[in-house]
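Thanks, everyone. I have one model to go through this morning, so please look at the screen and I will start.

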Amino acid sequence: MNSRIKLYSFVPFDRSCRVRWLAHELGIGIDEHRLDYASGEQKSAAYLALHPFGKVPCAIIDGAPHWESGAICQLLVDAFPESELMVSRDSADYATYLSWLFFSASTFDAAAFQAFNYAALKPDPVRQRDALVDLAPLLVQLSHHAHRNNFLLGDQFTLPDILIGHALQLLYLVHALDEYPVLMEYRERLRRRPAARASGVFGPRPEPWAQR
């Protein structure tokens, strides 16, 4: 695999940041292109030839386009098994790794995004309240797990921590983690990683989200 990838994104906190963070963990260089959402660049023929659904992220790896952040990230860790960011397929923990990976990329991501969306992108107090009600059981169980473990797979930091860390950051931005101190501590453990800092994933709350 080449030592650089090209990454397409919209804003620093969209799902492309998962790929950016992982690339920093792996020591891969990034040439990032921010698509102009307002002008509809993501719907251009040129971009649709790379990502048929016109979403982000899209990553060009060894000259070929790849899409879906979880798939891109798994492709990258497969290429760097020495990084220990995934569990060996021969390990008894591989099934647990897959469960956390897909939970982070699907169930938790979808629920967290709804809470973020109706708080920040499309403000709607009623839908935001409903989204937080749906999210609460996931946050409670995740908090119990984080109380007993440094990372999702115990003491080993792996790819699912990156995926769920992004979702936790979205919730942090809109104060949805304020009542979950254990998850705030887990987020802080992730934020302190040099690669996480270099990637800019855990930025401060921008206005008007800074005020509760």
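S199 is buried, because its relative accessibility is 6% and the cut-off for buried is under 20%. This is a predicted model, so please keep that in mind throughout. S199 sits in helix 8, residues 194-199. Which residues does S199 contact, leaving aside neighbours within four places in sequence? They are R20, W21 and H24.

Now the aromatic residues. The structure has 11 aromatic pairs. One of them joins F13 and F116 edge-to-face, with 5.9 Å between centres and 70 degrees between planes. F13 is in the loop between strand 1 and helix 1, and F116 is in helix 4, so this pair ties together parts 103 residues apart in sequence. F13 is partly exposed at 24% relative accessible area, while F116 is buried at 1%.

W21 belongs to helix 1 and F202 to the segment after helix 8, so the parts tied together here are 181 residues apart in sequence. Both W21 and F202 are buried. Ring pairs also link W21 and F202 with F151 and F157 in a cluster.

Last, helix packing. Helix 6, residues 159-173, packs on helix 7, residues 181-191, at about 120 degrees, with the axes 10 Å apart. The two helices are therefore oblique to each other, and the crossing is left-handed. Residues in the contact include I164 and L168 from helix 6, and M184 and L190 from helix 7. By class, that contact has six nonpolar, two polar and two charged residues.

Note on methods. Residues numbered from 1 in each chain as written. Predicted model: local features only at pLDDT ≥ 70, side-chain atom pairs only at ≥ 80, totals over all residues. Heavy atoms only, no water. Helix = DSSP H or I, 4+ residues; strand = E, 2+ residues; numbered from the N terminus. Buried < 20%, exposed > 50% of the residue type's maximum accessible area, 1.4 Å probe, protein only. Contact = heavy atoms within 4.5 Å. Axes fitted to C-alpha atoms, helices over the stretch in contact; angles between N-to-C directions. Parallel < 35°, antiparallel > 145°, perpendicular 65-115°, else oblique. Left-handed = near helix turned anticlockwise from the far one by under 90°. Nonpolar A, V, L, I, M, F, W, Y, C, P; charged D, E, K, R; others polar. Phe/Tyr/Trp six-rings, centres within 6.5 Å; stacked < 30°, edge-to-face > 60°.
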